[in-house]
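Work through the exercises below with the model open beside you. Try each task before you read its solution.

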Amino acid sequence: MPVSVDHYENFPVASWLCPRRLRPAVAAIYWYARTADDLADEGDAEPAQRIARLQAYRDELRHVHAGGTARPGPWLAVYAPLQRAIVQHGLPLAPLLDLLDAFEQDVRQPTDADRTALLDYCRRSANPVGRLLLHLYGVDDAYALARSDAVCTALQLINFWQDLGVDAPRGRHYVPLADAHRHGVSLAALQARADSPATRALLRELCAWARALMLEGAPLALSLPGRLGWELRLVVQGGLRVLERIAQLDH
């Protein structure tokens, strides 16, 4: 059965193109990430409570990854299948932890001084998904990992730019300050959703950046085996289509 993307946008759809033998592991990784995303985003909890819950969630990850049995509690349905995936496929710990670090950063709502800082966030919030999927397929060469990172980062950036009018009023500023200042756009203007030629020029430049990254990573689809290559083709084309739609709205 397909895995619904729902509201965890960083996760590519695991459709019928995903081999049946890998679907339980893909679903387990998805629900792990989706639940952590909910801990950071959903409900009315204060930031300190969210961070405490993410820490408890992190502790449970370390427990099952070290060989412990998933314990009864609110996340048993997440960690029992994830534990099976860890055992069956040897899922690495680092990318799973990186996702939690990124979600915790979301709770703290920092601003990114420049593109380097934003890329570091994407390294933890988006790139682990691609690396985990490649791991399931036994792909781990430097060429594939670098291009997977480019695609995943591009998807994350595209998500930011299409949701700019939603994130900014909530205090989530993913636009690098250096880019905003260069265009004469303030965070207050973004938070107020103020439309202007400067704002559109800023978004046009950011979308071009995302597109360049997507095209940098796109050749990976031609080198991946079987269905995974077709899945990635759909992901790349979907991301580029969103950028086209933003351009059609004149940014």
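**Exercise 1. Find where helix 2 and helix 3 touch, and describe how they cross.**

Solution. Step 1: list the contacts, meaning heavy atoms within 4.5 Å. Helix 2 brings Tyr57, Glu60, Leu61, Val64 and His65, and helix 3 answers with Val78, Tyr79, Leu82, Gln83 and Ile86. Step 2: sort these residues by class. Seven are nonpolar, two polar and one charged. (Ala, Val, Leu, Ile, Met, Phe, Trp, Tyr, Cys and Pro count as nonpolar, Asp, Glu, Lys and Arg as charged, and the others, Gly among them, as polar.) Step 3: look at the geometry. The axes of helix 2 (residues 47–65) and helix 3 lie 10 Å apart, at an angle of about 35°. Axes are lines fitted to C-alpha atoms, for helices over the stretch in contact, and angles run from 0 to 180 degrees between N-to-C directions. Step 4: the crossing is right-handed.

A note on the source. This is a predicted model, where local features need pLDDT of at least 70 and side-chain atom pairs count only at pLDDT 80 or more, while totals for chains, interfaces and linings use all residues. Residues are numbered from 1 along each chain as its sequence is written, and side-chain values use heavy atoms, with hydrogens and water left out.

**Exercise 2. Describe the packing of helix 7 and helix 13.**

Solution. Step 1: helix 7 (residues 142–162) and helix 13 (residues 226–248) pack at about 30°, with axes 10 Å apart. Helix 7 is therefore roughly parallel to helix 13. (Angles under 35 degrees count as roughly parallel, over 145 as roughly antiparallel, 65 to 115 as roughly perpendicular and the rest as oblique.) Step 2: the crossing of helix 7 and helix 13 is left-handed. Step 3: Val151, Leu155, Ile158, Trp161 and Gln162 of helix 7 meet residues of helix 13, including Leu232, Val235 and Gly239. The contact holds ten nonpolar, two polar and no charged residues.

**Exercise 3. How many disulfides does the structure have?**

Solution. Step 1: recall that a disulfide is a covalent bond between the sulfur atoms of two cysteines. Step 2: it finds zero. Step 3: check cysteine 122. Its closest cysteine sulfur, in cysteine 152, is 9.9 Å away, so the pair is too far apart for a bond. Step 4: check accessibility. Cysteine 122 is buried at 0% relative accessible area, and cysteine 152 is buried at 8%. (Buried means under 20%, exposed over 50%, partly exposed in between, with a 1.4 Å probe and protein chains only.)

**Exercise 4. Why is helix 6 largely enclosed by the rest of the structure?**

Solution. Step 1: count. Eight of the ten residues of helix 6 (residues 127–136) are buried, so helix 6 is largely enclosed. Among them are Asn127, Pro128 and Val129. Step 2: find the neighbours. The buried residues pack against helices 1, 3, 4, 5, 7 and 13.

**Exercise 5. Which phi does arginine 193 have, positive or negative?**

Solution. Step 1: most residues other than glycine have a negative phi. Step 2: arginine 193 has a positive phi of about 60°. Arginine 193 is exposed, at 61% relative accessibility.

Notes
Helix = DSSP H or I, 4+ residues; strand = E, 2+ residues; numbered from the N terminus. Left-handed = near helix turned anticlockwise from the far one by under 90°. Disulfide = S-S within 2.5 Å.
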